[in-house]
Structures are given as C-alpha cells and as structure tokens.
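Subject: Structure for your review

Dear colleague,

Please find below the structure that I am handing over to you. I would be grateful if you read the notes with the sequence and the model open beside them.

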Amino acid sequence: MNLSVVVVDDEPLIRSGLRAIINAEEDLTVVGEAGDGAEVLPLVRRTGADVVLMDVRMPAVDGIQATRLLLDSLDPAPRVLVVTTFENDDYVYDALRAGASGFLLKRTPPDDIVAAIRTVARSESLLFPEAIRALALAHAGAPAPTGLDEYQLTEREQEVLRLMARGLSNAEIAAELILGLQTVKTHVANVLSKLNARDRTQAVIRAYESGFVPLR
C-alpha cells in the first residue's frame, strides 16, 4: 500500500530534507508541501493525503490550529504527525490533545521518520509511548477521582487500554492476553468509541490524565 504524505514546515530546507527522505521509500510519496498551517486544509482536500507531517510552530497558523481544523473538517481525516525541535515543547502536547497521532523531533534519523509515518498510518500501535508518557507527566494536573468510570469500560477493555499505553501493537496485545487478533481489534475499537478518542494517542492521553494509568 502506497502512503501519500504532505509536508508542512515554514523552513524550505526542512521540507526538502523530509521530501528526500520520504520519496526514497517505495511505499511513500510526498504529494504536497506547505509553508504555513493556513495552507494545509485545501492542500489535503486536493491531494487526499494519508499522513501530514506538521511543523508545530509556524508564523501565521500553527500546527495545533491546523491539526484541529483538519480533523474537524475532513472525514476521513489524515493522520497528523507533529514535527518539532524540542520534545518538551508545550505546543507538542497541545497538538496531541488536539488530535495529532504522534510527534517526531527534527533530528530524528531518517529510518525512524519513515517507520513513524508507517506506524501512524496503520494505527496499530502507539508511537514512542515513553515520550508521550513523559509529556503527560510534564503536563499532569490532578487526576479525576473517578478515573475512567464514566466511560464504563469492561475489565477486558481496561486491560487492553493499559497495554495500549505501554505501546503494544494489536498482535502483541493478542499474545499477551491470549486472544485472537480480531478480538483485540474489536476491543481497541470499543475503547476508542467509548472514550470518544480518534486513535490510540488520544485514548492513552485520556487514560493518563484521568489517573487510570499511573504516570509514575
């Protein structure tokens, strides 16, 4: 399956570097570029991109606003992978909460960049789970006293969510719980639906913020 990618960054040198890395892969193709978040929605509408690499800090419309606009306007919407200079940037966590599926540092090695694009496109495991946990810890407030009680997850769904937070793929969860792969996919879908989460990243952030999955 060939994945189409849009690259969004206000620095032409960064865009050209990412384009070269991505287009070197047989299953990945850059179908468009933008220098500001304001250009992203019409560009994705025109290209039908599967994944958007989104710079988090841009001068006019930043990556958080652009991500939120994309996800609110398009169905199906592309996966958004935030690209940033600093991993502890407040903008990154806000972008994840807005619906981005993960983030990359601009110094990430090329092989890890292409692996991350494939991971978020498949949405079968959490990208860089320890980095997301660290971000959630840095932004932690008081957890809700009831955790996720209001969402009425079954015991099995709770087990699946905890394993999702550890970064396990569907196949790894199936092996851990001795379940069929399709059964795990059903449980994951139920968790996302009950938590009103677009993907694993938002579900896991909700689990951390509620105190359901301890940060320490």
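The notes below concern the backbone and the salt bridges of this predicted model.

Backbone

The peptide bond between Asp75 and Pro76 is cis, with omega at about 5°. Pro76 belongs to the loop between helix H3 (63-73) and strand S4 (79-84). Ser123, a residue other than glycine, has a positive phi, near 55°; the loop between helix H5 (110-122) and helix H6 (129-138) holds Ser123. Gln152 likewise has a positive phi, near 55°, and sits in the loop between H6 and helix H7 (155-165). With a relative accessible area of 63%, Gln152 is exposed.

Salt bridges

The model has 12 salt bridges. One of them joins the side chains of Arg15 and Glu33, at 3.3 Å from N to O. Arg15 is in helix H1 and Glu33 in strand S2, so this pair ties together parts that are 18 residues apart in sequence. Arg15 is buried at 16% relative accessibility, whereas Glu33 is partly exposed at 28%.

Arg97 and Glu209 form another salt bridge, their closest N and O atoms being 3.2 Å apart. This pair links helix H4 with helix H10, across 112 residues. Arg97 is exposed, at 52%, and Glu209 is partly exposed, at 32%.

In a further salt bridge, Glu157 meets Lys194, with the closest N and O atoms 2.8 Å apart. Glu157 lies in helix H7 and Lys194 in helix H9, 37 residues apart. Glu157 is buried because its relative accessible area, 4%, is under 20%.

Yours sincerely

How values were computed. Residues numbered from 1 in each chain as written. Predicted model: local features only at pLDDT ≥ 70, side-chain atom pairs only at ≥ 80, totals over all residues. Heavy atoms only, no water. Helix = DSSP H or I, 4+ residues; strand = E, 2+ residues; numbered from the N terminus. Buried < 20%, exposed > 50% of the residue type's maximum accessible area, 1.4 Å probe, protein only. Salt bridge = Lys/Arg side-chain N within 4 Å of Asp/Glu carboxyl O.
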